[in-house]
Amino acid sequence: MRVAVTGAAGQLGRALVARLGPRLAWAGGRDELDVREAAAVAGMVERVRPDVVINAAAFNDVDGAESDPAPALAVNAAAARHLARACRDRGALLVHVSSDYVFDGAKREPYREEDCPRPLNVYGVSKLAGCLLVSAAGGEHLIVRTSGVFGAGGSRAKGGAFVERILARARQGAPLRVVDDQVFAPTYAADLAEALLALVDGGARGLVHVTNSGTCSWHELATAALDIAGVRVRVEAIRSRDLGAPARRPAYSVLAHDRARAFGLPPLRSWRDALAEFLRGGV
Ligand SMILES: NC(=O)c1ccc[n+]([C@@H]2O[C@H](COP(=O)([O-])OP(=O)(O)OC[C@H]3O[C@@H](n4cnc5c(N)ncnc54)[C@H](OP(=O)(O)O)[C@@H]3O)[C@@H](O)[C@H]2O)c1
């Protein structure tokens, strides 16, 4: 199996590249392939002829997308369509990654793949549109929804992933205020990468939810990261409405794993164990 990876400089992209070994046919970040360019996307698939393209490119600035939706829609929706059409035309499988933020959080028990999405913010709309466009292209596809991804090489636009930003702020002595009223399942990019490859190997298609096991709030995640890293500082728990972020977020976005199980994927380890490995220097 020959695999191409777009968005290879991000958290998931790096983790995939680190694991693919001889199966890696091509990998590139934004500088090598801007996924918004349909002709360039088609050119890569034509040239490399991969069996599988894993799209790890994404616009993840959830708050930024509220004031300027165009970049999120271009990368998360239109570019997903470019990739889906190029893969369809060359007979490749497209693995695309989506988000828990397609849900509104009203459910209060884990969201299943068949639950009706209702995004609360532009980012969620863009991710949902990407899934629909991949499906509408009519080629072979696997769409994996995940949540709260942490790993090495987080988004340049956001100054790294949440865990890295919290640790950096704590070490600078900056006050830490983190919301405790949004519950989700953090997911280690390395575990997600392995799960994607296992699902591909197992022939999974359609929509599948994948996260690490366990749930927490952003406040619990921050506290756990500081605890594991041995940084003794207090994190003030605040409510989302007190933060005043531009984008509304679901209060509950835990994803159910029944379909992943049905495709033979065992439960991923707990997010705490994964976080501990990441903070010990994992990729
Ligand atoms: N991070 C999360 O908490 C989270 C939660 C739920 C779902 N997801 C989804 O999981 C997947 C992997 O996310 P991640 O955490 O690995 O994201 P990430 O670390 O932000 O990586 C995304 C990568 O895509 C690149 N990119 C942006 N625009 C591009 C373009 N036009 N062409 C090519 N590359 C481009 C980014 O480059 P720059 O750094 O230069 O922008 C970055 O390297 C995404 O589909 C994401 O939406 C993530």
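Q: Which hand does the crossing have where helix 4 passes helix 5?
A: Helix 4 passes helix 5 in a right-handed crossing. Please keep in mind that this is a predicted model.

Q: Why are helix 4 and helix 5 called roughly parallel to each other?
A: The axes of helix 4 (residues 69–90) and helix 5 (residues 122–137) cross at roughly 15°. Angles under 35 degrees count as roughly parallel, and helix 4 and helix 5 are therefore described that way. Their axes also come within 8 Å.

Q: What makes up the contact of helix 4 with helix 5, by class?
A: There are 13 nonpolar, 3 polar and 4 charged residues. Helix 4 brings residues including Ala72, Leu73, Ala77 and Arg81, and helix 5 brings, among them, Val122, Tyr123, Leu133 and Val134.

Q: Which residues meet where helix 6 and helix 11 pack?
A: Val163, Glu164 and Leu167 in helix 6 meet Leu275, Phe278 and Leu279 in helix 11. By class, this contact has 5 nonpolar residues, no polar ones and 1 charged.

Q: What makes up the largest nonpolar core?
A: This core has 31 residues, and those with the most contacts inside it are Phe162, Val163, Trp218, Leu221, Leu226 and Leu275. At least two residues each come from helix 6 (162–171), strand 7 (176–179), helix 8 (218–229), strand 12 (235–238) and helix 11 (271–279). Helix 8 gives the most, with 6 residues. A second, separate core of 29 residues includes Val5, Leu93, Val144 and Leu199.

Q: What does Leu221 touch, leaving aside its neighbours within four places in sequence?
A: Leu221 is in contact with Phe162, Val163, Phe184, Pro186, Cys216, Trp271 and Leu275.

Q: Why does Arg49 count as partly exposed?
A: Arg49 has 46% relative accessibility. Buried means under 20% and exposed means over 50%, so Arg49, in between, counts as partly exposed.

Q: Where does Arg49 lie, and what is it in contact with beyond its neighbours within four places in sequence?
A: Arg49 lies in the loop between helix 2 (38–48) and strand 3 (52–55). Arg49 is in contact with Arg2, Met44 and Arg90. The C-alpha atoms of Arg49 and Gly91 are separated by 9.0 Å, with the two residues 42 apart along the chain.

Terms used: Residues numbered from 1 in each chain as written. Predicted model: local features only at pLDDT ≥ 70, side-chain atom pairs only at ≥ 80, totals over all residues. Heavy atoms only, no water. Core = buried A, V, L, I, M, F, W, Y, C linked by side-chain atoms within 4.5 Å. Buried < 20%, exposed > 50% of the residue type's maximum accessible area, 1.4 Å probe, protein only. Helix = DSSP H or I, 4+ residues; strand = E, 2+ residues; numbered from the N terminus. Contact = heavy atoms within 4.5 Å. Axes fitted to C-alpha atoms, helices over the stretch in contact; angles between N-to-C directions. Parallel < 35°, antiparallel > 145°, perpendicular 65-115°, else oblique. Left-handed = near helix turned anticlockwise from the far one by under 90°. Nonpolar A, V, L, I, M, F, W, Y, C, P; charged D, E, K, R; others polar.
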